Amino acid sequence: MSRSLRILAVDVGTGTQDILLFESGKTIENCLKMVVPSPTVIVAERIARATERGQPILLTGVTMGGGPSHWAARDHALAGFAVAVTPEAGRTFDDDLAMVEQMGFEIIDEAEAEQRKGNPDLVHIELQDFDTRAIISALRAFDVDPSVDGLAIAAFDHGAAPPGVSDRRFRFDFIAQTIHKNSVPSAFAYRSEDIPVDLTRLRSIVSSASRYLELSNSDLRSPILLMDTGSAAVLGALEDPFVRGQRDSILCNIGNFHTLAFHLVQGRIVGIFEHHTGEIDRPKLEQMLVKLANGTLTNEEVFNTSGHGALILHYANRDDNKKVFPFLAVTGPRREMLRGSSLNPYEANPHGDMMLAGCFGLLRALADHEPDMAPLIEPSLLRN
């Protein structure tokens with residue numbers, strides 16, 4: 001490996017995708033950064049334009065994040081306009097393709113999709129969380145070489161729940177299993193070859209990431225790391241020296257669609273909960289954070305209010321027996337929800353850029369998972 005290391009870190013959210021081109025030996029504040037609309041927002045806007053024109057749409061590609069794109073496709077069908085989708089792209093809307101058909105979508109095979117692409121009256125939209133060509137074009141537009149030595153990408157993955165099993169329960173059961181095996185935030189990061197089979201969204205991103213390596217003239221053997229978005233943001237928050245210096249802390253990432261809070265004691269997870277941001281307000285969030293700190297928040301309490309769940313480990317009780325609320329650090333685009341709270345939240349600002357917290361977390365996770373790269377990554381990160 002050369003003495004200089006280039007890593008493309010991309011945090012794919014529901015509202016934005018946050019991009020960092022890390023170059024070792026360069027002050028991290030001077031590395032190239034972009035905050036642009038998320039892929040699901042871009043797809044939703046393309047579908048909405050087709051709806052306005054009354055055009056049928058063809059959706060191909062791979063499984064990607066839903067939310068805005070899901071709602072736009074549903075509204076297109078409800079307006080009486082045709083939606084055709086290939087099987088892999090169709091799992092964006094539901095793991096069970098029978099449910100996708102019930103939404104009014106037509107499931108077609110790849111061969112049929114290829115034939116229909118030639119129809120000038122049809123709008124073809126490719127579904128993907130990692131748009132290789134768009135990112136390469138953006139970098140080259142600023143005369144930046146897109147070739148890299150590795151890729152680190154974060155996305156939110158519910159996992160492929162079996163029929164009849166709640167997506168929320170399935171995801172949080174997986175989170176709990178992961179923490180029981182390894183209670184550090186970087187446990188939610190995986191080398192491309194090690195991604196659990198049920199994490200279909202992350203696995204779909206690997207194909208796009210591999211295409212990036214090819215089209216950018218990178219070494220095709222370069223490592224590809226995938227990670228959960230919330231965990232990446234929490235790990236990135238620890239790049240703020242004030243946050244890193246706390247023995248007992250709660251790190252809360254309030255995203256556009258999901259809120260995730262980790263209770264950490266000496267760097268290890270002793271409690272966690274995840275909820276939908278749109279289903280909570282400040283009083284509800286404050287209540288859950290207090291219960292998380294006290295070890296009294298239950299999985300059912302969170303799930304029954306439309307959240308994903310909660311986990312309190314048996315060693316969550318601190319040995320000092322003091323009823324002192326832990327240090328609270330907040331990140332995420334909706335962090336204003338806790339501004340002015342009596343819990344005295346601190347807005348983490350890793351490397352001077354909160355919106356890139358997930359990217360910084362991805363770099364830290366890559367250093368943990370790729371020991372050969374660590375000596376070139378860690379000097380630019382906060383020292384332990």
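I count a charge as sitting over a ring if NZ of Lys or CZ of Arg is within 6 Å of the ring centre and within 35 degrees of the ring normal. The model I am reading is a predicted one.

**Charges over rings**

I started with Arg168. Its charged end sits over the ring of Phe303, 4.0 Å from the ring centre. Then I turned to Arg171. I find Arg171 over the face of Phe156, at 3.8 Å from the ring centre.

**Aromatic pairs**

Next I went through the rings. I use a limit of 6.5 Å between centres for a pair. By this rule I get seven aromatic pairs. I looked at one of them, Phe327 with Tyr346: the centres are 5.7 Å apart and the planes stand at 45 degrees, so I log the pair as tilted.

Buried or exposed? I checked each ring residue. Phe327 has a relative accessible area of 16% and is buried. Tyr346 is partly exposed, at 25%. I also note a cluster: ring pairs link Phe242, Phe327 and Tyr346.

**Helix H13**

I tested the length of helix H13 (residues 357-369). At 1.5 Å a residue, its 13 residues should span 18 Å, and I find the end C-alpha atoms 18 Å apart, which agrees. How many residues of H13 are buried? I get 12 of 13, so I call the helix mostly covered under the cut-off of 20% relative accessible area. The buried residues of H13 include Cys359, Phe360, Leu363, Arg364 and His369.

**Nonpolar cores**

The largest nonpolar core has 46 residues. Leu20, Ile179, Leu251, Phe262, Ile272, Leu363 and Ile377 touch the most other members. Which element gives this core its largest share? H13 does, with seven residues. I note the general rule that in soluble globular proteins nonpolar side chains tend to be buried together.

Leaving aside neighbours within four places in sequence, I list its contacts as Phe172, Ile175, Ile179, Leu260, Ala261, Phe262, Leu292, Gly309, Ala310 and Leu311. I also found a second, separate core of 26 residues, which includes Val12, Ile19, Tyr190 and Ile224.

**Arg6**

Arg6 lies in strand S1 (residues 6-12). At 14% relative accessibility, I count Arg6 as buried. What does Arg6 touch, beyond residues up to four places away in sequence? I find Leu21, Phe22 and Glu23, and also Val144, Asp145, Pro146, Ser147, Val148, Asp149 and Gly150. One of these gives a polar approach: the backbone oxygen of Ser147 is 2.8 Å from a polar atom of the Arg6 side chain. I also took the C-alpha to C-alpha distance from Arg6 to Pro162. It is 39 Å, for a separation of 156 residues in sequence.

**Thr40**

I place Thr40 in helix H1 (residues 39-53). Thr40 is buried, with a relative accessible area of 4%. A polar atom of its side chain lies 2.5 Å from the backbone oxygen of Gly66. Setting aside neighbours within four places in sequence, I see Thr40 in contact with Thr14, Met64, Gly65, Gly66, Gly67, Pro68 and Ser69.

**Ala374**

Ala374 lies in helix H14 (residues 374-377). I log Ala374 as buried, at 9% relative accessible area.

**Positive phi**

Last, I looked at backbone angles. Where does Gln266 sit? I find Gln266 in the loop between strand S12 (258-265) and strand S13 (268-276). Its phi is near 50 degrees, a positive value in a residue other than glycine. At 60% relative accessibility, Gln266 counts as exposed.

Asn344 is in the loop between S15 and S16. I read a positive phi of about 55 degrees for Asn344, although it is not a glycine. Asn344 counts as exposed, at 63% relative accessibility.

Note on methods. Residues are numbered from 1 along each chain as its sequence is written. This is a predicted model: local features need pLDDT of at least 70, side-chain atom pairs count only at pLDDT 80 or more; totals for chains, interfaces and linings use all residues. Side-chain values use heavy atoms; hydrogens and water are left out. Rings of Phe, Tyr and Trp (its six-membered ring) pair if their centres lie within 6.5 Å; planes under 30 degrees apart count as stacked, over 60 as edge-to-face and the rest as tilted. Buried means under 20% relative accessible area, exposed over 50%, partly exposed in between (1.4 Å probe, protein chains only). Helices (H or I, at least four residues) and strands (E, at least two) are DSSP runs, numbered from the N terminus. The expected span of a helix is 1.5 Å times one less than its number of residues. A nonpolar core is a set of buried Ala, Val, Leu, Ile, Met, Phe, Trp, Tyr and Cys residues joined through side-chain atoms within 4.5 Å. Contact means heavy atoms within 4.5 Å. A polar contact is a pair of N or O atoms within 3.5 Å; within protein, one must be able to donate a hydrogen and the other to accept it, and residues adjacent in sequence count only if both atoms are side-chain atoms.
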